[in-house]
Amino acid sequence: MVTLAEVAQHAGVSASTVSYVLSGKRSISTTTRQRVEESIRRLGYHPNAGARALASSRSNIIALMIPLRTDMYVPVMMEIAIAVATSARAHGYDILLLTGEEGPDAVRRVTGSGLADAMILMDVELDDERLPLLRGTDQPSVLIGLPADTTGLTCVDLDFRATGALCVEHLASLGHRDIAVIGEAPAVYERHTGFAERTLDGLRTRARELGLRLLHRPCEGGYDAMSATLARIFDERPDTTGFVVQNESAVEPLLALLRQQGRAVPEDVSVVAVCPEQVAAQASVRLTSVAVPAQEMGRHAVQQLVAKLDGRGSEEVVLLAPELTAVVQTAPAKS
């Protein structure tokens with residue numbers, strides 16, 4: 001491995017000058033800095049992570065807490081994680097991925113050990129038990145998600161309440177009066193996961209304001225679970241003509257079952273999905289959808305966190321505005 005002394009010899013400067021260029025602790029002339037940086041590139045020098053951490057009291061690592069649960073759609077979670085890792089690397093940070101369901105114990109482990117300089121938390125619940133620990137530490141953190149109380153926290157999320165309202169408004173504008181919501185798995189609501197609860201609140205509130213009938217049914221996803229859920233919906237509300245789906249695993253089974261029942265989309269029923277763009281685009285019927293901006297959420301979270309690490313950040317909530325992409329698979333309700 002190339003050493004700092006070898007870089008100094010190649011650049012014709014002292015080892016301390018190379019160190020100052022790397023750390024930025026002292027002002028170095030532009031000419032000297034460029035010469036040192038060129039030597040670093042030519043020789044392929046990489047600072048020793050342990051030594052750099054000791055010198056700067058930083059690990060240059062961000063901990064990303066992302067519990068991978070069987071009742072959550074893992075691809076979208078991983079898309080956010082990849083965006084976080086890519087953006088962090090661009091800012092000179094590596095990612096420590098914590099995927100277990102340790103909750104507060106994982107927060108204590110990270111803050112107490114110096115494993116990471118900061119944390120990003122995903123899968124945020126309305127009354128998340130990790131939050132008191134975050135509020136009680138000086139270590140910077142950002143949530144990808146929104147709890148019930150955001151006091152003292154920095155959060156980035158899609159505005160899921162506005163997302164729910166937007167879906168209802170779209171179906172209402174086409175004349176649909178009976179709308180069924182096919183939601184996430186029951187466990188997601190039992191945990192009071194923020195994105196699911198907020199979407200449901202937006203759906204219910206706007207439906208009530210517009211005088212629509214709205215029925216919400218959680219669904220495990222998969223063909224058998226979707227079959228039972230759909231049968232229950234039409235048994236309770238036979239006049240249902242509009243569907244909002246916030247469950248990626250239920251999208252294709254729903255479309256298949258509607259076809260089997262002779263219900264054409266969009267001629268007989270309209271479907272709006274809250275999902276990543278590729279899920280809506282690659283479905284057997286191209287769907288009207290509100291995209292979950294996974295990459296944008298990940299990038300925003302890292303930007304907020306790096307600003308806090310640099311002493312420029314503040315506690316704020318960034319809500320990304322939802323955008324509905326309408327295609328022919330939503331249509332006016334039959335009179």
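**Close-up views of a predicted model**

View 1. Six strands make up an open sheet, ordered 7-6-8-9-10-12, with mixed pairing. Strands pair if DSSP finds at least two bridges between them. Strand 7 (213-218) and strand 12 (324-325) are the edge strands, each pairing on one side only. Strands (E, at least two residues) and helices (H or I, at least four) are DSSP runs, numbered from the N terminus. This is a predicted model: local features need pLDDT of at least 70, side-chain atom pairs count only at pLDDT 80 or more, and totals for chains, interfaces and linings use all residues. Residues are numbered from 1 along each chain as its sequence is written, and side-chain values use heavy atoms, with hydrogens and water left out.

View 2. Strand 10 (residues 288-291) and strand 12 run antiparallel, joined by two bridges. Ser289 stands opposite Thr325 of strand 12.

**View 3. Helices on the sheet.** Helix 8 (residues 160-173) lies across strand 6 (178-183), strand 7, strand 8 (242-245), strand 9 (270-275), strand 10 and strand 12. Helix 8 runs at about 165 degrees to strand 9. Helix 11 (residues 223-236) also packs on the sheet, where it touches strand 6, strand 7 and strand 8. Its direction makes about 155 degrees with that of strand 7. Axes are lines fitted to C-alpha atoms, for helices over the stretch in contact (heavy atoms within 4.5 Å). Angles run from 0 to 180 degrees between N-to-C directions.

**View 4. Helix 10 and its cover.** Helix 10 (residues 194-210) has 17 residues. From first C-alpha to last it reaches 24 Å, close to the 24 Å expected at 1.5 Å a residue; the expected span is 1.5 Å times one less than the number of residues. Its buried residues (under 20% relative accessible area, 1.4 Å probe, protein chains only) include Phe195, Arg198, Leu200 and Leu203. Their cover includes helix 8, strand 6, helix 9 (186-190), strand 7 and strand 8. Just after helix 10, Gly211 takes a positive phi of about 75 degrees.

**View 5. Cysteines without disulfides.** The disulfide count is zero, with a disulfide taken as a pair of cysteine sulfur atoms within 2.5 Å. For Cys219, the nearest cysteine sulfur is that of Cys275, 15 Å away. Cys219 is buried, at 1% relative accessibility. For Cys275, the nearest is that of Cys167, 9.7 Å away. Cys275 is buried too, with a relative accessible area of 1%.

Technical notes: Buried < 20%, exposed > 50% of the residue type's maximum accessible area, 1.4 Å probe, protein only.
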